[in-house]
Amino acid sequence: MAGPVVEALHLTKHFPVRGGFLARETAVVRAVDEVSFSIEPGRTLGLVGESGCGKTTTAKLVLLLEQPTAGMIRFEGRDLQTLDRTMLHGYRRSVQAVFQDPFASLNPRMRVDQIIAEPLVTHERLGSGEVAKRVARLLELVGLPDRSADLFPHEFSGGQRQRIAIARSLALSPKLVVLDEPVSALDVSIRAQILNLLRDLQAQLGLSYLFIAHDLAAVAHMSHTIAVMYLGRIVEIGDAATVAATPKHPYTQALFSAALPSHPGEKREEIILAGEVPSPLAPPAGCRFHPRCPHAMERCGREEPTLLREAGRLVACHLYEGVIPARS
């Protein structure tokens with residue numbers, strides 16, 4: 001069996017905050033702290049959490065839009081920091097992205113065929129006839145008619161524009177696509193269509209996805225594994241169906257209690273969290289969630305929990321002690 005397409009090991013990103021008379025570094029924002037995960041071929045890792053928890057920074061690290069402060073990313077078993085320029089170029093081809101706002105991510109002055117063909121023209125030496133064939137094939141893959149090629153982005157609906165963005169992301173036959181809130185800007189009636197398209201493309205092309213979303217129903221629908229982030233750390237990670245059905249970390253329980261039930265007859269007790277998310281400039285000591293946790297104990301304010309195996313997933317919580325620690 002093939003190993004992971006992408007693997008993050010103790011991935012960390014701190015942003016310096018400068019201030020004062022000489023604009024010296026006065027503090028750091030701990031955006032991502034010691035995050036580890038892997039994404040297997042043809043599988044989806046769903047990354048969830050409130051705004052500011054580090055999801056988008058994690059995506060930027062995977063896309064090489066940011067460099068890690070510590071830790072590493074491996075691509076097909078190779079540490080990215082050891083790759084030469086040619087191999088890094090190959091990584092960038094193999095890892096593409098679809099972002100939240102399809103209108104903002106498409107050049108309004110370019111026709112659709114130019115938008116989709118841009119990666120091909122930049123990275124491959126192809127004749128115009130071959131490029132046109134590839135564009136037609138990509139439009140077909142995402143369910144758009146041939147005549148779409150001659151139109152501009154403003155002539156399409158939001159869902160159609162996201163299909164164009166997906167087509168462009170597939171132009172270079174990537175192995176991993178980072179989906180950063182890909183349906184949150186769309187009408188509710190269109191979201192399921194785009195999510196089902198993404199699942200069909202995954203099955204057809206063997207794609208791996210890093211799927212980032214606030215919509216927990218979408219994450220549960222799309223993902224094979226769910227990782228829950230809070231203030232830069234993963235607090236729970238495991239099989240998507242297991243985590244969604246029986247969340248163990250108090251934060252995960254609160255997130256899923258507020259989500260729409262999977263069927264009308266399902267009863268859930270909504271858990272209301274106290275307070276706001278603390279600043280990543282000064283995260284709480286011990287467990288970062290303890291000031292808002294309904295189950296907080298005295299030790300939670302001084303000891304940071306590690307990810308432990310509990311009921312078929314990993315959970316970072318002092319409620320689950322006496323179990324075997326996860327291997328680093």
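Reply: Strand 6 (residues 95-98) is covered on both faces: Val 95 and Ala 97 on one side, and Gln 96 and Val 98 on the other, are all buried, buried meaning under 20% relative accessible area with a 1.4 Å probe and protein chains only. In a regular strand the side chains alternate between the two faces of the sheet. Strands, here and below, are DSSP runs of E with at least two residues, and helices are DSSP runs of H or I with at least four residues, both numbered from the N terminus.

The model is a predicted one, in which local features need pLDDT of at least 70 and side-chain atom pairs count only at pLDDT 80 or more, while totals for chains, interfaces and linings use all residues. Residues are numbered from 1 along each chain as its sequence is written, and side-chain values use heavy atoms, with hydrogens and water left out.

Within the sheet, strand 6 runs parallel to strand 7 (residues 176-180), to which 4 bridges join it; two strands pair if DSSP finds at least two bridges between them. Ala 97 has Val 178 of strand 7 opposite it. The sheet is open and has 8 strands in the order 6-7-8-3-9-10-12-11, with mixed pairing. Strand 6 and strand 11 (307-310) are at its edges with a single partner strand each, so one side of each lacks a neighbour in the sheet. From one strand to the next the twist averages 20°. Further along the order, strand 3 (residues 44-48) and strand 8 (residues 208-212) form a parallel pair over 4 bridges, where Leu 45 has Leu 210 as its bridge partner.

Helix 5 lies across strand 6 and strand 7, at about 175° to strand 6; axes are lines fitted to C-alpha atoms, for helices over the stretch in contact, and angles run from 0 to 180 degrees between N-to-C directions. Helix 5 (residues 158-169) also packs with helix 3 (residues 112-123) at an angle of about 30°, the axes being 8 Å apart. Helix 3 is therefore roughly parallel to helix 5, a term for angles under 35 degrees. In their contact (heavy atoms within 4.5 Å), Val 112, Ile 115, Ile 116 and Pro 119 of helix 3 meet Ile 164, Ala 167 and Arg 168 of helix 5. These residues comprise 6 nonpolar, no polar and 1 charged, where Ala, Val, Leu, Ile, Met, Phe, Trp, Tyr, Cys and Pro count as nonpolar, Asp, Glu, Lys and Arg as charged, and the others, Gly among them, as polar.

Terms used: Angles under 35 degrees count as roughly parallel, over 145 as roughly antiparallel, 65 to 115 as roughly perpendicular and the rest as oblique. Buried means under 20% relative accessible area, exposed over 50%, partly exposed in between (1.4 Å probe, protein chains only).
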